[in-house]
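Please look over the structure below.

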Amino acid sequence: MTVRNSELTIHEAHRLLKNKELSSVELTTACLERIHEVEGSVHALVTVTDELALEQARKADELINKGDISPLTGIPVVIKDNMCTRGIKTTCSSKMLENFIPPYDATVVEKLNSAHAVMVGKANMDEFAMGSSTEHSAFFPTHNPWDLTRVPGGSSGGSAAAVATGEAIYALGSDTGGSIRQPAGFCSVTGLKPTYGRVSRYGLVAFASSLDQIGPLTRDVTDCALVLNTIAGYDNRDSTSVPISAPDFTKCLTADLRGLNIGIPKEYFVEGMQDEVKEAIFTSIRKLEDLGASVEWEVSLPNTPNALAAYYIIAPSEASANLARYDGVKYGFSYKDTDSMWEAMEKTRQYGFGAEVKRRIMLGTYALSAGYYEAWYLKSQKVRTLIRREFDQAFSKFDILVTPTTPTVPFKIGEKIDDPLQMYLSDVCTLPINIAGVPAISIPAGFAGGLPIGMQLIGKPFGEEAILKTAYAYQQVTDWHNRKPKI
Amino acid sequence: MKLSDEEVLRIARLARLGLTKADVELFGEQLSHILDNFQALQQVDTTDVPPTAQPNQLQNVLKPDEALPSLSPDAILANAPCREQGFFRIRAVLE
């Protein structure tokens, strides 16, 4: 079977571009045609930047002809619509920012531009990245390419669906409590949340500043390492950016796992977890054992069950502060039909924000308000310390931890939309990682009834190499990541 | 524990968030349900445990105080819902 150009990996496309067997214009056209084919049923993109893409592709081809080529030169990407792109609408899938055109580029966008990447579009998401299904987009829900009646996960659901269908070769997403890894799991792509501080968030529209991190969604681990090589690194415009140099992440990719110690934290195999998911993860862990890793099956991180509550106090609290900036004065939607400043502000926020954003602003404002601050916000921050300590302790013994990415396969569109707590529970395996600030990757690890299952590998702070290496080794002996949805 | 309508409205006012009557009822129920489910947090022993505000160890990140090129006023104001003579135009704050 011939591989369509839109289905290539970054490294395959790079080889073809370099050898002049394919041009960036051809590759970009293949993705734009794919967008034309599937967008009507998948709805992964808020904006298609076809003219810009072809212009960037022509420029890339000129450079390649002169022998000037980087690993991402000329290769199509979609960017989640919460990362600022100069002169191109950045909506956060919110009515509030429906017409917002940023005057500057996010650092990650600058870095992709310097690498001469080709941007084909901006990806749909849950409004302001608050959600786990992309149903909270103010514009339209994205559909899972493996089953259009199901969600692609969220909040980077558009990014994940675009990579799964070939609308782009790779994507950038952001992850506050699982927003890269959970949709990567649900769409059977590879998604990495780097260590907090590894990738600059300058120009990422802030949701929860102590948790947000940008990362790649790709077709395999090699691609993930290549994108991380480009976007990682210190940036003095993000004061949480850590001033350490990033290694070449492709150098660690070997298929030999001898000497690697893996722990399996039992608390992640939660009550209500689907049997097929559990089985697929156990089978996958045994594969890692076959590759030479030593596995301890009964590790305990006893505060894991408290992570959900701590997260859903901390994240909304930070969101309520971050989203205070949407007051209808400086940019964004503005309610005009009144002379009263306060009424204008309240109505701007009433009509500009969707239900989930309002719910989180309310929850966060409550947790921060006088009389409740100590019992909720401060308490959660202390529990956060306990969770971090448990990870530190585990990592004194293990190189990586392995868990499922989600407790179930993708759920039906509409299934959890009226029950916020059930929706929150779909992030139960991913959000402790943001609480601790450590890196984690989700890779395809099987299917149940034709629906994807993701495996999560968790690393030490700035230990991306160990999880990339393990994920790479796994992909050398499995082909889950090569399967494509029939759409 | 169910949040009263007054409590919901108090929070909404702190957040400067306009709510309909239906919102007040819905959020009252949903927030109460969510907080009830989070009560287990209160049982966690956090004696002598310091809070974590963010997970990396950076503190007091400073930059030299020097003037650098910036965006033009026009670029900054391009998204303003209402502008006048190079300023954001707002409604009267003191009436």
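The notes below take the chain interface, then the salt bridges, then one aspartate.

This is a predicted model, in which local features need pLDDT of at least 70, side-chain atom pairs count only at pLDDT 80 or more, and totals for chains, interfaces and linings use all residues. Residues are numbered from 1 along each chain as its sequence is written, chains are lettered from A and ligands numbered from 1 in the order in which they are written, and side-chain values use heavy atoms, with hydrogens and water left out.

Chain B and chain A bury about 5300 Å² between them.

**Interface of chain B and chain A**

- On the chain B side, 52 residues are in contact with 72 residues of chain A. Contact means heavy atoms within 4.5 Å.
- Of the area buried between the two chains, 66% is on carbon and sulfur atoms. Buried area is the accessible area (1.4 Å probe) that two parts lose on being put together, summed over both.
- In chain B, the most area is lost to chain A by Arg16(B), Leu41(B) and Arg91(B), together 14% of what that side buries.
- Arg16(B) also forms a salt bridge with Glu346(A), with the closest N and O atoms 3.3 Å apart. A salt bridge here is a side-chain nitrogen of Lys or Arg within 4 Å of a carboxyl oxygen of Asp or Glu.
- Between the two chains, 21 residue pairs are in polar contact, both residues at pLDDT 80 or more. A polar contact is a pair of N or O atoms within 3.5 Å; within protein, one must be able to donate a hydrogen and the other to accept it, and residues adjacent in sequence count only if both atoms are side-chain atoms.
- Helices α1 (5-14) and α2 (21-37) of chain B each supply at least two residues of the side that touches chain A. The largest share of that side, eight residues, comes from α2(B). Helices (H or I, at least four residues) and strands (E, at least two) are DSSP runs, numbered from the N terminus.

**Salt bridges in chain A**

- Side chains of opposite charge can pair when their charged atoms come close.
- Arg198(A) pairs with Glu464(A), the closest N and O atoms being 2.8 Å apart. The two are 266 residues apart: Arg198(A) is in the loop between β5 (190-193) and β6 (213-218), and Glu464(A) is in helix α15 (residues 464-477).
- Arg198(A) is buried at 4% relative accessible area, and Glu464(A) is buried at 0%. Buried means under 20% relative accessible area, exposed over 50%, partly exposed in between (1.4 Å probe, protein chains only).
- Arg258(A) and Asp256(A) meet in a salt bridge (2.7 Å, N to O). Arg258(A) is exposed at 67%, whereas Asp256(A) is partly exposed at 32%.
- Arg4(A), Glu7(A), Arg34(A) and Glu37(A) are joined into one network by salt bridges that share partners.

**Around Asp238(A)**

- Asp238(A) is in the loop between α7 (221-231) and β7 (261-265) of chain A. Its relative accessibility is 7%, so Asp238(A) counts as buried.
- Where sequence neighbors up to four places away are left out, Asp238(A) touches Val199(A), Ser200(A), Arg201(A) and Tyr202(A).
- The side chains of Asp238(A) and Arg201(A) form a salt bridge (3.0 Å, N to O). Arg201(A) lies in the loop between β5 and β6, so the pair ties together parts that are 37 residues apart in sequence.
- The backbone nitrogen of Arg201(A) also lies 2.8 Å from a polar atom of the Asp238(A) side chain.
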